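Here is a short briefing on one protein chain. Look over the sequence and the model first, then read the points below.

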Amino acid sequence: MPSRTNLAASIPSSKVKYSKLACTDEGYIDLQFKKSPPKVPYKAIALAVVLFLIGTLLIIIGALLLAGYISQGGTDRAVPVLIIGILVFLPGFYHLRIAYFASKGYRGYSYDDIPDFDD
């Protein structure tokens, strides 16, 4: 059977020198297992704070409208304000909770769970 030759250098493959890798590293290096520091999504956290505060304010105003402390309009004004307040409050609270637990280093929480706006 003819021996293979390297076409670029026209050297027979039997004359190519190979060296064996060290047995201690098993092909891995320490850098590939090192975690990079987490990237904090500041814009998304700021948006979550704004949503949380607006939602809280709307829930308080809706509760005061429902109780009759602000006006005697009844539930026709209070219910829509409460619904909008809850819809704005929930995403803000959810993302703030994730950001808080990720900053404290709790297991299972990461800044990667918060959508980032830096595309």
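The accessible surface of the protein chain comes to about 10,000 Å², and carbon and sulfur atoms account for 64% of that area. Accessible areas come from the Shrake-Rupley method with a 1.4 Å probe, and for residues only the protein chains shown count as cover. The model is predicted: local features need pLDDT of at least 70, side-chain atom pairs count only at pLDDT 80 or more, and totals for chains, interfaces and linings use all residues. Residues are numbered from 1 along each chain as its sequence is written, and side-chain values use heavy atoms, with hydrogens and water left out.

**Confidence**

- The mean pLDDT of the protein chain is 82, and 77% of its residues reach 70 or more; pLDDT is the predictor's confidence in each residue, from 0 to 100.
- Confidence is lowest in strand β1 (residues 5-6), with a mean of 52, and highest in α1, at 94.

**Overall layout**

- The protein chain has two helices and two strands, and from the N terminus on they run β-β-α-α.
- Helices (H or I, at least four residues) and strands (E, at least two) are DSSP runs, numbered from the N terminus.
- Of the 119 residues of the protein chain, 14% count as buried. Buried means under 20% relative accessible area, exposed over 50%, and partly exposed in between (1.4 Å probe, protein chains only).
- Among contacts between residues at least 6 apart in sequence, 50% join residues at least 24 apart; contact means heavy atoms within 4.5 Å.

- Helix α1 (residues 42-67) has 26 residues and spans 37 Å from its first C-alpha to its last, close to the 38 Å expected at 1.5 Å a residue. The expected span is 1.5 Å times one less than the number of residues in the helix.
- The buried residues of α1 are Ala44, Ala48, Gly55, Gly62 and Leu65, and their cover includes α2.
- Just after α1, Gly68 takes a positive phi of about 90°.
- Helix α2 has 30 residues and reaches 41 Å between its first and last C-alpha, close to the 44 Å expected at 1.5 Å a residue.
- Buried residues in α2 include Ala78, Leu82, Gly85 and Gly92, and α1 is part of what covers the buried residues of this helix.
- Just after α2, Gly105 takes a positive phi of about 85°.

**Val88**

- Val88 is found in helix α2, and it counts as buried because its relative accessibility is 18%.
- Not counting residues up to four places away in sequence, Val88 touches Leu51, Ile54 and Gly55.
- Val88 and Ile54 are 34 residues apart in sequence but 7.1 Å apart in space, C-alpha to C-alpha.

**The largest nonpolar core**

- Six residues make up the largest nonpolar core: Ala44, Ile98, Ala99, Ala102, Tyr111 and Ile114. Helix α2 (residues 75-104) gives the most to this core, with three residues.
- A nonpolar core is a set of buried Ala, Val, Leu, Ile, Met, Phe, Trp, Tyr and Cys residues joined through side-chain atoms within 4.5 Å.
- Leaving aside neighbours within four places in sequence, Ala99 is in contact with Ile45, Tyr111 and Ile114.

**Annotation from the record**

- The unreviewed UniProt entry annotates residues 44-71 and 77-96 as "transmembrane region". UniProt positions are given in the numbering used here, feature names are shortened, and annotations may be inferred rather than shown by experiment.
- Residues 44-71 are 86% helix and 0% strand, with end C-alpha atoms 36 Å apart.
- Residues 77-96 are 100% helix and 0% strand, with end C-alpha atoms 29 Å apart.
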